[in-house]
Amino acid sequence: MAVRVCPHCKTEITASNVAAYSFGVDCPKCDARLEVAPGTRTISSLCGLAAGAIAWRLSINAGGDLGAVLPTLYAFLAFGIVSPLVLMFSANLRNAPAIPVHEPAHDHGTSGHGAGGHGASGHAAGGHDVGHH
């Protein structure tokens, strides 16, 4: 298999690891967060779509009980095989964007909401206003 190289420390990263984690892989030596360049992902997806279209076209006249399902199945399998293989052999690694850190939501107290979701001036116990009958 083709081996990819970290742009920082030149450590080799296996192609299967790069294909499996194309949106974020950590370098085993320098712990830099890397990703496959978007252009490479686009090329591999287009190759997978082309292979799927070819497989669908070649199997469109399949007969038998599964004749209507086989073209879609073959197209799906062709895309699923060709796309990662192209990605493995052509992946270019680059620095991945930083992962956003989410802060926990702050508790603002009850802020006027009771257990039923209504404030203190909300509905009376039966859900009806008193005096309007």
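1. Let's start with a pair you can find on screen: E35 has R94 as its bridge partner in β5. Strands β4 and β5 are joined by three bridges and run antiparallel. Two strands are said to pair if DSSP finds at least two bridges between them. Strands and helices here are DSSP runs, numbered from the N terminus (helices are H or I with at least four residues, strands are E with at least two).

2. A word on what you are looking at. This is a predicted model, in which local features need pLDDT of at least 70 and side-chain atom pairs count only at pLDDT 80 or more, while totals for chains, interfaces and linings use all residues. Residues are numbered from 1 along each chain as its sequence is written, and side-chain values use heavy atoms, with hydrogens and water left out.

3. Now zoom out to the sheet. Three strands form an open sheet in the order β3-β4-β5, with antiparallel pairing. Its edge strands are β3 (25-26) and β5 (93-95), each of which pairs on one side only. As background, strands of a sheet pair through backbone hydrogen bonds, either parallel or antiparallel.

4. Next, follow the other side of β4. Strand β4 (residues 33-36) runs antiparallel to β3, and two bridges join them. V25 stands opposite L34, and D26 has R33 as its bridge partner. β3 and β4 make a hairpin with six residues between them. In that turn, look for D31, whose phi is positive, at about 60°.

5. Is V25 buried or exposed? V25, which lies in strand β3, counts as buried because its relative accessibility is 4%. The cut-offs are these: buried means under 20% relative accessible area, exposed means over 50%, and partly exposed is in between (1.4 Å probe, protein chains only). Leaving aside neighbours within four places in sequence, V25 is in contact with N17, A32, R33 and L34; contact means heavy atoms within 4.5 Å. The C-alpha atoms of V25 and E35 are separated by 6.1 Å, and these residues are 10 apart along the chain.

6. The loop between α2 and α3 deserves a look too. S59 lies in this loop and counts as buried, at 7% relative accessibility. Not counting residues up to four places away in sequence, S59 touches L70, P71 and Y74. L66 is also found in the loop between α2 (38-58) and α3 (70-90).

7. Which residues make the nonpolar surface patch? L66, V69, L73, Y74, F76, L77, I81, L85 and F89 make this patch of about 890 Å². Patches are made of residues with over 30% relative accessible area and no salt bridge; like charges are joined within 9 Å, and nonpolar side chains (Val, Leu, Ile, Met, Phe, Trp, Tyr) within 5 Å. A salt bridge is a side-chain nitrogen of Lys or Arg within 4 Å of a carboxyl oxygen of Asp or Glu.

8. What about the cysteines? The structure holds zero disulfides (a disulfide is a pair of cysteine sulfur atoms within 2.5 Å). C30 is partly exposed, at 33% relative accessible area, and C47 is partly exposed, at 31%.

9. Finally, the whole chain. Three helices and five strands are present, and from the N terminus on the elements run β-β-α-β-β-α-α-β. Buried residues make up 26% of the 133 residues.

Methods:
Areas by Shrake-Rupley, 256 points an atom, 1.4 Å probe, with all protein chains shown as cover.
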